[in-house]
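Hello,

Here is the structure I promised to pass on. My notes on it follow below.

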Amino acid sequence: MITNSGLALVNRDDDGVNQDFRNDVLAGLSQTPKAIPARWLYDDAGSRLFEEITQIPEYYPTRAETQILRDRSSEFSERIGAGRAVVEFGSGSSVKTPLLLSAIEPAAYVPLDISGDFLRASAAALSDKFPGLPVCPVEADFMRQVALPKTVENLPKLGFFPGSTIGNMVARTSVDLLRTMRETLGEGSQLLIGMDLIKDTDVLVAAYDDASGVTAEFNLNLARRINRELGGDIPIDALKHIARWSDEFARIEMHLEALEDITFQVAGLSYSMQQGETIHTENSHKFDRRSSQTLLLAGGWTPVSRWLDDEERFSLILAEATVPRSAP
Ligand code: AVI
């Protein structure tokens, strides 16, 4: 039972070029060091490659989080309880979302996503799987406060933000997002959030630089997308995918490194890279118990339960939008 939908949100010029993409790419290639926001990795090809990443042997987060959702369903049911509207930040995964919905008997499911096509397809699939459940997709940028459908206004809410997507943001942005989620969901709501854990550097680097080269393709697709959509001529063969651990920021960084000195054009403008220079394309922050707690508290959420997978690689945290009692 699908009950809601929305308007296209992409800001295109008369030639159909996504202006936000162009502005971010041109600004990012002009700055030192070069950096382009990670959200542009996810065009259709990038989204398909990310789906492939979730299946590769080295990329443990998806399997680890799924294991928690599968194994701890009775604890979710006990601590979350029935009758909530589950508001998912993102379109929902075909495996993780059904596991959560089966565990807690929700009153409604509200996926929020900026990409309407993906949103509608996954909402339809979920609606088929849970025939009696009201499914109300909302096409919206969840980085801003979202007005939820009237039908769920008076229901208690559970926000669901799996996958450790929070780790793709720098601290300031993730705190802003957590606060925005609190405004979207309201006082007294709960949030179930996935946060990947700090671990052995070799395991982390392998997860972002797999032997089969799928993550390299995912990263290089950004340069291909720039060439396709912005009339670029970046020499793809002169770029190499790099994944490195930054101990200072507790994060994996993805970069595209120039293998030789190169010059290229994007949208009629010229750029150059020296051999060894990189374009920073993604951060994936990792957490421990304290850093995840500090981040959630800074964002207005009090952690109340924390679950790990059997190999202690990944955490799922249940938090509440309540003011914590603390002194002074
Ligand atoms: C979407 N996000 C949580 C992934 C991550 O693990 O940071 C994106 C990713 N990038 C490369 N591999 C996976």
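Ligand first. An oxygen atom of the ligand is 2.5 Å from an N or O atom in the side chain of Y59. That is a polar contact, meaning a pair of N or O atoms within 3.5 Å; within protein, one must be able to donate a hydrogen and the other to accept it, and residues adjacent in sequence count only if both atoms are side-chain atoms. S284 also puts a polar side-chain atom 2.6 Å from a ligand oxygen. On N168, a side-chain N or O atom is 2.9 Å from a nitrogen of the ligand. The protein covers 96% of the 340 Å² of accessible area that the ligand has on its own (Shrake-Rupley method, 1.4 Å probe; for residues, only the protein chains shown count as cover).

Please keep the basis in mind: this is a predicted model, where local features need pLDDT of at least 70, side-chain atom pairs count only at pLDDT 80 or more, and totals for chains, interfaces and linings use all residues. Residues are numbered from 1 along each chain as its sequence is written, and side-chain values use heavy atoms, with hydrogens and water left out.

The ligand shell has 14 residues, with Y59, N168, Y208, E282 and S284 the closest (near means a heavy atom within 4 Å). At least two shell residues come from each of α2 (44-53), α9 (214-230) and β11 (278-285). Helices (H or I, at least four residues) and strands (E, at least two) are DSSP runs, numbered from the N terminus.

Now the sheet. Seven strands form an open sheet with mixed pairing, in the order β4-β3-β2-β5-β6-β13-β12. Pairing needs at least two bridges found by DSSP. β3 (residues 108-113) and β4 run parallel over two bridges.

Two backbone points are worth a look. Most residues other than glycine have a negative phi, and most peptide bonds are trans. T32 and P33 are joined by a cis peptide bond, with omega about -10°. P33 sits in the loop between α1 (19-30) and β1 (34-35). A250 is not a glycine, yet has a positive phi of about 50°. A250 belongs to the loop between β7 (239-246) and β8 (251-258).

Best wishes
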